[in-house]
Amino acid sequence: MLRRLAAQHEPRLRVIARAAKESLLHIKNLQAVRALPVPAPVPTARQAKPGPPKRTIYDAGSTEALPGKLVRKEKGPATGDPAADEAYDGLGETHALYAGAFSRNSIDGAGLKLDATVHYGELYDNAFWNGSQMVFGDGDGEIFQRFTKSLSVIGHELTHGVTQYTAALAYRNQAGALNESMSDVFGALVEQYAKKQSAAEASWLIGEGLFTDAVQGTALRSMRAPGTAYDDDVLGKDPQPDSMDKYVRTTADNGGVHINSGIPNRAFSLVALELGGNAWEAPGQIWYNTLTSGSLPATCTFGRFAKATVASAEELFGAGSHEHDAVRTAWETVKVKL
């Protein structure tokens, strides 16, 4: 998406193209960080009982200096700045999901402080976890609004931190797409948990509300229907495939990590919709158990991950259970071989 925006030459899109180019430079550095060796995970059995969140929000003042000026601390009053207060609330909602649904004590399992910086850069079209804190741009105002507006995006980016502390997924090809998919899965669950939505009630959209009214689209990605999130003259059509029949082989985007994540995303949504009820319960427990098991290799393929989720479903609910069968059927539907 950003590459397409960066390539625009029309005078009316000059600002958007410049903003996209700047974001792409940062993403290149960010991808290098995600490719670094993963810290040793905190064994689940040894994790401390989840405590309250420890949030600190900073304001970069449209610079790229981190962390910036302190504007809000844990239990401090609202600032009146939508970006700062949305970031504060989003960090809290993400902490609440992991603590309440998975008994995880913050991002690292050991009570990690949750720091975030808002108003990063000028017209910055991104939000990211940099390995130690969250960073939010304000968007360019033409295509993207401020990135704190989407709770699923906040949950998505913080989940990169969870993956950092639990799995050694290389940020390239299918392993990288699984890394992105884990962030989408738990980003969606953060939003659903906060809104108390069942799987059937949820939108299954990632980044809903980020686009301005000028864009023909609803979100960055659709987990339930990959490839349908947007279809716009400037952005183009959502390129995500919904099954292995349409898998995109490319050297761009670290081997299509944001594109091919649509396949495992759809598999999770299929499981959740088949089982019904709350997606953070049985489906979320299966995916979380798989992510934190320590069994995923750095170069994990979709097939290897699918087998691991089937094994997790059997471990948690038994062979031949509805949960076990739903997981197998979902992967067969998206044509990932078990």
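**Active-site positions and salt bridges**

UniProt, in an unreviewed entry, puts the feature "active site" at E157 and H258; its positions follow the numbering used here, feature names are shortened, and annotations may be inferred rather than shown by experiment. They are spread over 102 residues of sequence, yet they cluster in space, with a largest C-alpha distance of 13.0 Å. Keep in mind that this is a predicted model: local features need pLDDT of at least 70, side-chain atom pairs count only at pLDDT 80 or more, and totals for chains, interfaces and linings use all residues. Residues are numbered from 1 along each chain as its sequence is written, and side-chain values use heavy atoms, with hydrogens and water left out.

E157 is buried at 9% relative accessible area (buried is under 20%, exposed over 50%, partly exposed in between, with a 1.4 Å probe and protein chains only). H258, in the loop between α6 and α7, is partly exposed at 27%. Beyond its neighbours within four places in sequence, H258 is in contact (heavy atoms within 4.5 Å) with Y171, E180, R221, Q240 and D253.

R221 leads us to the salt bridges (a side-chain nitrogen of Lys or Arg within 4 Å of a carboxyl oxygen of Asp or Glu). R221 pairs with D184 at 2.7 Å, linking strand β7 to helix α5 across 37 residues, and both partners are buried. Then there's R146 with E86, at 2.8 Å. R146 lies in the loop between β5 and α4 and E86 in helix α3, so this pair ties together parts 60 residues apart in sequence.

Note on methods: Helices (H or I, at least four residues) and strands (E, at least two) are DSSP runs, numbered from the N terminus.
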